[in-house]
Amino acid sequence: MSESATPARDAELREALAGLRREIRSRFASEPETASAAPSRQRRADAPRFDLSRLEKPLRSIRQRAATLGMREHAHETDDFGMDPEAVEALRPWLDRLYDRYWRVEVEGLEALPEGPLLLVANRSGLLPWDGLMIAHAVERARGARPRFAVADWLMAQPFAQPRLARIGAVRACPENALRLLRSGRSVVAFPEGARGATKPFRERYRVQRFGRGGAVRVALEGGAPLVPVGVVGAEEAHPILYKATGPARALGLPFLPVTPSFPWFGPLGALPLPTKWRIHFGEPFALGQLRPDALGDELLLSRLSDELRVCVQELVDEALRARPSVWG
Amino acid sequence: MASLRSSEPAVVAVTGPMGEPGGALAARLAARGVRVLALGPERPESLAAEVEFRPLDLLEPAAHERLAELCSKEGVEAIAHTAFRSEPTPDRELDRELDVIGSLHVMNACAAAKVARLVVASSTLVYGPWPDNPNFLDEEHPLRGHPEAHAVQDRIEVEHELERFRARHPGVEVSVLRCPWVLGPRSDTSVSRYFSLPVVPVPMGYDPLLQLLHEDDRVDAFEAALLGGPAGVYNVVAPGVLPLSTLLRLAGQRSLPLPAALLDRLAYIPSRSRTGDPPAAFYDYLRHLWVADGSRGWEALGTPSYSTKETWMSFVSARRMRRYR
């Protein structure tokens with residue numbers, strides 16, 4: 001561009017900016033300019049008593065609500081797994097309240113965990129992923145980085161639940177996702193019991209079920225991350241399941257519809273968890289680094305390790321149960 | 001860009017020059033000094049002047065013989081096969097004839113004329129939107145497609161044929177480039193029209209992460225694959241993912257969430273203008289994940305210059321410019 005063209009272009013730009021400013025003002029009329037505020041108030045005094053324009057703002061907000069029904073109001077950027085840091089921040093006060101006051105979570109063994117990404121393996125309890133949220137919260141408080149937690153397929157496929165869960169750090173439970181997270185330096189909370197863990201009867205609530213096909217050990221080996229057993233106590237009693245209704249659940253794509261002392265009798269309110277006392281015990285990490293490099297092909301070794309891991313989680317659960325004076329703490 | 005081998009092909013044939021990747025690719029190669037033969041039923045007006053045109057109708061039963069003859073006579077060393085329906089039409093049989101049988105013609109001609117390299121356009125739509133997909137699908141993931149999307153099922157068939165072809169003719173280097181939804185200033189597809197609706201209907205209760213590719217980056221990837229990038233199957237996708245709601249917010253567009261069952265009924269809306277195929281499958285692609293892992297493709301063919309967000313902004317701003325012109 002030549003030198004002489006610059007002033008003309010500057011003027012053009014200035015005019016374009018002024019035009020933009022005018023347009024912005026006209027769109028956000030709810031914040032009137034100071035200069036025009038006084039005359040408009042005067043006009044309102046001699047206007048008819050019922051002014052339709054006064055309805056405009058609430059109507060607009062209703063329209064906006066309706067247009068974004070089923071989606072989060074904010075549209076911030078997410079990371080590659082759909083976690084939205086701002087959604088997590090917005091939720092944090094609630095998580096803190098649940099963690100400190102409602103469930104009074106007590107944590108043990110967290111200080112001894114090594115640096116870097118971890119694969120945390122815990123016992124699964126209940127249908128809703130409260131346990132994953134609380135473990136992630138405990139780890140985040142101690143170490144700063146927030147681990148992702150695995151959520152079963154059937155829940156991650158539910159409309160409305162899926163986008164919200166993803167925004168606060170849930171990922172679909174599958175080895176591919178866990179491996180990718182570990183390789184990119186992020187910790188993962190996994191529940192290898194899977195559906196068996198969520199559907200066990202109340203009286204066996206703290207008996208850890210068989211661990212899938214050894215996927216957790218395989219992922220930890222491949223991802224080169226320490227495998228940390230975790231025992232959670234309290235989450236089971238937060239939703240004591242009296243009866244499992246399987247018939248109506250099938251239509252919704254759920255493994256079963258829980259009948260608890262409060263659900264479905266009190267409607268959605270009954271889905272609120274009870275204020276039980278929680279303990280989360282973190283065990284010593286498995287030293288997978290000492291294994292032979294060809295251990296990945298050794299199915300027998302993997303299943304033995306997997307069972308050992310299950311025993312570790314069971315021991316941590318028992319230990320936590322002994323440490324807890326009662327269900328309500 | 002990955003380092004390209006020294007033996008760049010001197011003569012390249014491009015099928016489907018009237019389509020989006022084909023025409024731009026032919027122009028790009030010609031500008032680079034490669035001799036390009038565009039093959040199609042008739043010369044498209046938009047085709048760059050430097051590009052030579054040879055008539056070839058892949059719907060003809062003897063198309064493979066004509067193509068093989070042409071390749072040996074002109075000394076074609078590489079073929080970019082991009083002659084696919086850019087979107088399904090109501091005529092399923094004709095779509096299949098062009099997409100599947102047309103591809104078979106090209107493969108047969110490659111084998112007969114000993115063409116050294118074949119690059120075929122595919123799509124990450126072939127993975128299909130499934131609730132049990134992992135967040136990132138790599139090239140080995142089974143191609144499950146969508147049972148109701150016949151164009152996608154045809155592409156899967158083409159991929160299986162290509163696999164068989166690769167086993168039978170190890171002398172031909174085959175590359176398959178799977179691209180997600182491609183957008184950009186030039187794009188005029190059912191997807192770009194859907195995203196340009198004044199009010200965008202979206203499935204209620206879902207907000208999947210989406211992945212895009214800029215049209216220029218697609219041309220770049222084809223160029224790299226033709227001119228000596230390592231052969232293989234690659235996901236060619238832009239880095240980064242964004243939720244559907246964020247895309248619409250960035251564009252300042254209003255969305256209308258509707259129950260998924262209702263949307264499938266209303267599915268003719270976005271495609272009413274051109275196609276009669278009810279893209280019931282389309283809304284499933286807005287419900288579940290089908291994001292591909294592009295790392296292998298980036299390493300082999302170079303990293304795209306536009307991220308998913310930049311692709312979207314390029315598409316949106318071009319559209320805005322058109323509206324105000």
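**Figure 1. Salt bridges cross the interface of chain B and chain A.** The rule finds 2 of them there. A salt bridge here is a side-chain nitrogen of Lys or Arg within 4 Å of a carboxyl oxygen of Asp or Glu. R167(A) pairs with D207(B) in a salt bridge, and their closest N and O atoms are 3.3 Å apart. The model is predicted: local features need pLDDT of at least 70, side-chain atom pairs count only at pLDDT 80 or more, and totals for chains, interfaces and linings use all residues. Residues are numbered from 1 along each chain as its sequence is written, chains are lettered from A and ligands numbered from 1 in the order in which they are written, and side-chain values use heavy atoms, with hydrogens and water left out.

**Figure 2. Chain B meets chain A.** The contact (heavy atoms within 4.5 Å) takes 22 residues from chain B and 28 residues from chain A. The size of an interface is often given as the accessible area lost when the parts come together. Here the buried area is about 2200 Å², and carbon and sulfur atoms give 55% of it. Buried area is the accessible area (1.4 Å probe) that two parts lose on being put together, summed over both.

**Figure 3. Polar contacts and the chain B side of the interface.** The rule finds 6 residue pairs in polar contact across the interface, both residues at pLDDT 80 or more. A polar contact is a pair of N or O atoms within 3.5 Å; within protein, one must be able to donate a hydrogen and the other to accept it, and residues adjacent in sequence count only if both atoms are side-chain atoms. On the side of chain B that touches chain A, β12 (242-243), α7 (244-251) and β13 (254-258) of chain B each give two or more residues. Helices (H or I, at least four residues) and strands (E, at least two) are DSSP runs, numbered from the N terminus. α7(B) gives the most, with 3 residues.

**Figure 4. An open sheet of 7 strands in chain B.** The order is β3-β2-β1-β4-β5-β6-β11, and the pairing is parallel. Two strands pair if DSSP finds at least two bridges between them. β3 (52-55) and β11 (232-235) of chain B stand at the edges with a single partner strand each, so one side of each has no neighbour in the sheet. Neighbouring strands are turned by 20° against each other on average, direction ignored.

**Figure 5. Strands β4 and β5 of chain B, with two helices on the sheet.** 4 bridges join β4(B) (residues 78-81) to β5(B) (residues 117-123), and the two run parallel. I79(B) stands opposite L118(B) in β5(B). Helix α1(B) (residues 20-31) packs on the sheet and touches β1, β2 and β4 of chain B. Its direction makes about 165° with that of β1(B). Axes are lines fitted to C-alpha atoms, for helices over the stretch in contact, and angles run from 0 to 180 degrees between N-to-C directions. Helix α3(B) (residues 92-113) touches β1, β4 and β5 of chain B, at about 175° to β4(B).

**Figure 6. An open sheet of 7 strands in chain A.** The order is β1-β9-β6-β2-β5-β3-β4, with mixed pairing. β1 (106-108) and β4 (170-172) of chain A stand at the edges. β3(A) (residues 148-151) runs parallel to β4(A), joined by 3 bridges. A150(A) has V171(A) as its bridge partner in β4(A).
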